[in-house]
Amino acid sequence: MVEPLRIMVIDDEGIVGRRLKPALEKNGDVVETFEDGRSALERLAGQRFDIVVTDIRMDEVDGLEVLERVMERWPATKVIVITGYATVEVAREALVKGAFDFIAKP
């Protein structure tokens, strides 16, 4: 039997986590949602996730900082960066820092 994936979703817009969680859980994966980078990093200090989906623009701890910290602590974790403020520069920076993918929100 295949182990379920552990997925973390971080977005300061709560609706994003509320929408993604049930969709991602349909395959039996375990999903945790966070509305700020600081609490997500606290959870990541002691728990490895297979996938982290993070917004870029958040107060205090932004998505690029989350990306850097995940890559330091859990380099095998795939980080997908999402943003409503997509630019080529931000996408390039995220990918250079180790993001698995970069997705622009509608």
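Helices (H or I, at least four residues) and strands (E, at least two) are taken here as DSSP runs, numbered from the N terminus. The model is a predicted one, in which local features need pLDDT of at least 70 and side-chain atom pairs count only at pLDDT 80 or more, while totals for chains, interfaces and linings use all residues. Residues are numbered from 1 along each chain as its sequence is written, and side-chain values use heavy atoms, with hydrogens and water left out.

On these terms, the chain holds four helices and five strands. Reading along the sequence gives the pattern β-α-β-α-β-α-β-α-β.

The overall dimensions come next. The radius of gyration is taken over C-alpha atoms, and the globule rule is 2.2 Å times the number of residues to the power 0.38. A compact globule of 106 residues would have a radius of gyration near 13 Å, and the chain agrees, with 13 Å. Along the principal axes, the C-alpha atoms fill a box of roughly 40 × 30 × 25 Å.

Burial is described by relative accessible area: buried means under 20%, exposed over 50%, and partly exposed in between (1.4 Å probe, protein chains only). By this scale, 39% of the 106 residues count as buried. Accessible areas come from the Shrake-Rupley method with a 1.4 Å probe, and for residues only the protein chains shown count as cover. The accessible surface of the chain comes to about 6,400 Å², and carbon and sulfur atoms account for 53% of this surface.

Contact means heavy atoms within 4.5 Å. Of the contacts between residues at least 6 apart in sequence, 60% join residues at least 24 apart.

For charge, Lys and Arg count as positive and Asp and Glu as negative, with His and the chain ends not counted. The place of a charge is taken as NZ of Lys, CZ of Arg, CG of Asp or CD of Glu. The chain has 15 positive and 21 negative side chains, and the centres of these two sets are 3 Å apart.

Turning to the interior, nonpolar side chains tend to be buried together in soluble globular proteins. A nonpolar core is defined here as a set of buried Ala, Val, Leu, Ile, Met, Phe, Trp, Tyr and Cys residues joined through side-chain atoms within 4.5 Å. The largest such core has 22 residues, and those with the most contacts inside it are M8, I10, L44, V52, V66, V81 and A94. Two or more residues of this core come from each of β1 (6-10), α2 (37-44), α3 (63-73), β4 (78-83) and α4 (88-96). The most is given by α3, with four residues. Another core, of seven residues, lies apart from the largest one and includes V16, V53, I80 and I82. Leaving out residues up to four places away in sequence, A94 touches L64, L67, V81, A99 and F102.

E32 lies in strand β2 and counts as buried, because its relative accessibility is 17%. Beyond residues up to four places away in sequence, E32 touches R6, I7, M8, V9, R43 and F49. The C-alpha atoms of E32 and D50, which are 18 residues apart in sequence, lie 12 Å apart in space. T77 is placed in the loop between α3 and β4 and is also buried, with a relative accessible area of 3%. With neighbours within four places in sequence set aside, T77 is in contact with R48, F49, D50, I51, V52, V70 and M71.

L20 is found in helix α1 and counts as partly exposed, at 29% relative accessibility. L20 and V53 are 33 residues apart in sequence, with 9.9 Å between their C-alpha atoms. G28 sits in the loop between α1 (14-25) and β2 (30-34), and its 44% relative accessibility makes this glycine partly exposed. From G28 to F100, 72 residues apart along the chain, the C-alpha separation is 22 Å.

The loop between β3 (51-55) and α3 contains E60, as well as D59. E60 counts as exposed, at 66% relative accessibility, and so does D59, at 67%. Although not a glycine, E60 has a positive phi of about 60 degrees. The C-alpha atoms of D59 and F34 are separated by 13 Å, with the two residues 25 apart along the chain.
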